[in-house]
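Please bring the structure up on the screen.

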Protein chains: 2
Amino acid sequence: MPHLDLTADPVDLCAALVDVPSVSGEEGPLADALEEALRTQAPHLSVLRSGHSVLARTELGRERRVLLAGHIDTVPIADNVPSRRDGDRLYGCGTSDMKAGDAVFAHLAAALPEPRHDLTFVFYDCEEVEADRNGLGRIEREHRDWLAADLALLGEPTNGAVEAGCQGTLRAEITTRGRRAHSARSWLGENAVHAAEPVLRRLAGYAARDVDIDGCRYREGLQAVRIAGGVAGNVVPDECVVTVNFRFAPDRDAAAAEQHVREVFDGFELAVTDLSPGALPGLGAPAAQEFLAATGTRPSAKYGWTDVSRFAALGIPALNYGPGDPNLAHTREEHVEPAKIAEAVDVLRRFLG
Amino acid sequence: MPHLDLTADPVDLCAALVDVPSVSGEEGPLADALEEALRTQAPHLSVLRSGHSVLARTELGRERRVLLAGHIDTVPIADNVPSRRDGDRLYGCGTSDMKAGDAVFAHLAAALPEPRHDLTFVFYDCEEVEADRNGLGRIEREHRDWLAADLALLGEPTNGAVEAGCQGTLRAEITTRGRRAHSARSWLGENAVHAAEPVLRRLAGYAARDVDIDGCRYREGLQAVRIAGGVAGNVVPDECVVTVNFRFAPDRDAAAAEQHVREVFDGFELAVTDLSPGALPGLGAPAAQEFLAATGTRPSAKYGWTDVSRFAALGIPALNYGPGDPNLAHTREEHVEPAKIAEAVDVLRRFLG
């Protein structure tokens, strides 16, 4: 089993985490190594295991509990494992998204035997794939009590900023139908692709909202992400499907988002294929205020759906805060700046130490 | 190898042809079976082979030669093979387009050892796909002399009518471009699918011409036959391609047709991918007059591009005449009426016997 030294420099720990490949579904070796390291190097924590996820928590009877969560899986490797240092950068698959955040949390797990708040560390699997495989979702279903907390911090890459809440996301298929005919006798058919014109017109003319919530600005968007129609080069198509993705501000819940999309495409056949609610910023909670004070920064809106929305749904305020750069996530050139890792360790020590 | 009985009732022979699947590119087994049947059951013919095409011809030294041609490929099967009889109909993929015509010709190939005119039978491949794969085109390039004739009859479905000339056909791809972005930050991208809206608007609003030539009325049509765009469910697409098919009356030549389509989609990136000229009716030739007399009918315009235009381009008068119903071509419900098959056999016996 690979050995992880939780007491090492967190940048070296990040490199060690990157060097144990953990593409979604294949996190077993890394979960084993983390579990072993937590059991032996952080004996003040109780360690729990669920599939390829590892939890570790204090039980000090503090008034509040803070949960620090990071997924340990990565997107597929793109010739970027093992990690390598190049000047001021640590390159490698998952450096930004989000083994740098994992390294910060794992380092603190061993380094803070007497934190100000009770702590729960969650290192979980399968965040980069379909929602129903998500390790945090599995823990929520099977061990809801493991996730109890007054504040959750997700180590997703934010470049050291605090990003609050998240957009919701809805996908729907809008289908137009017609009647097939040979294209040489097209007057006998009805063209389903031509019939999709008003769908595209509504998309092109859609005015997306900008919403301000708790000082965070959420921009919505409604986009066609796919269009497909056609049978053969000489056939009038009898079906055309436009797949749209609606990213919505968290002042709409899932039902309201669906209703809105149905109104936009009123009169068309529409099937929702994927729907995840957003999360409100939740900045009013005392633990959130305390954390913001420790960072000395102002929060902004998170664009993109993240697991903070799971915590929001459980009534737990949740923020994204991690050392990685979100624009480098999933790229071949993925890297992280050691200074950002050190800064995150400092901020969290200030908050929790 | 499947066995074909050329001396059977032509309706049963049609069913047997349908029961050997022959989607474009996969005509090998049917071509093999036809070649074997012609060699063994029509020993008065010389048999030639080119790829998945089979030719058979008399060499009687008659004054005139009539060529009877049918493609043996079909569009993709739509749960309609094997064939089935239902009352007065024979259902199945290719029944109408155009294995009924093939059955009539194959039957006559065996049944007319002493025809009035020399005969050339051509059973060819890949008519339902891109023009450059067309078996008749390949024969024209490689064995031009095999196609020598004073009149060509194509067994394409005409419902027993004589259809003269044919529409031309042009395919073009119209591409709209944008800029990729994560759909959660869609304002950083430009949606190429939304940009295709005016292309569909021009198609939906297109007013097609009706043209009268030699008493035959040609209807034009401009249709989207395919649309495709999209990268992934969370990405703003950077490309969308609309494939259009323009069927044009033979008073436009290929260049004029292309210019017209470029005018319709002025301002868009457009690439012509396929362009075949139409054919003027060509009703003046003596053999054509003789054939018209045998049918006792008046000719009308052919809708659809057919290989008559290849013969027209070679200076050979060519007519479409077949037992299938063109409106059923390429449909799930494709079928043919046995009485139409019998009628075509009678007419051609009267003309050639």
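Let me begin with a question: by class, how many nonpolar, polar and charged residues does the lining of the second largest pocket have? Before I answer, please keep in mind that this is a predicted model. The lining of that second largest pocket has 13 nonpolar, 13 polar and 13 charged residues.

The second largest pocket holds about 650 Å³ of space, and among the 39 residues that line it, those closest to its centre are G233(A) and N234(A) from one chain, together with E128(B), V129(B) and R171(B) from the other. In chain B, the strands β9 (168-177), β13 (221-230), β15 (239-248) and β16 (269-276) each supply at least two residues of this lining.

Turning now to the largest pocket, we find about 1100 Å³ of space, lined by 32 residues, of which E128(A), W305(A), H330(A), H182(B) and N234(B) are the closest to the centre. Here it is chain A whose β9 (168-177) and β16 (269-276) each supply at least two residues of the lining, and by class that lining divides into ten nonpolar, ten polar and twelve charged residues.

Key:
Residues are numbered from 1 along each chain as its sequence is written. Chains are lettered from A and ligands numbered from 1 in the order in which they are written. This is a predicted model: local features need pLDDT of at least 70, side-chain atom pairs count only at pLDDT 80 or more; totals for chains, interfaces and linings use all residues. Side-chain values use heavy atoms; hydrogens and water are left out. On a 1 Å grid over the protein atoms alone, a cavity is a set of points where a 1.4 Å probe fits but cannot get out, and a pocket is an open set with protein on both sides within 12 Å along at least five of seven lines; lining residues have an atom within 4 Å of a point. Grid points are joined across faces, edges and corners, and a volume is the space filled by probe spheres set on the points. Helices (H or I, at least four residues) and strands (E, at least two) are DSSP runs, numbered from the N terminus. Ala, Val, Leu, Ile, Met, Phe, Trp, Tyr, Cys and Pro count as nonpolar, Asp, Glu, Lys and Arg as charged, and the others, Gly among them, as polar.
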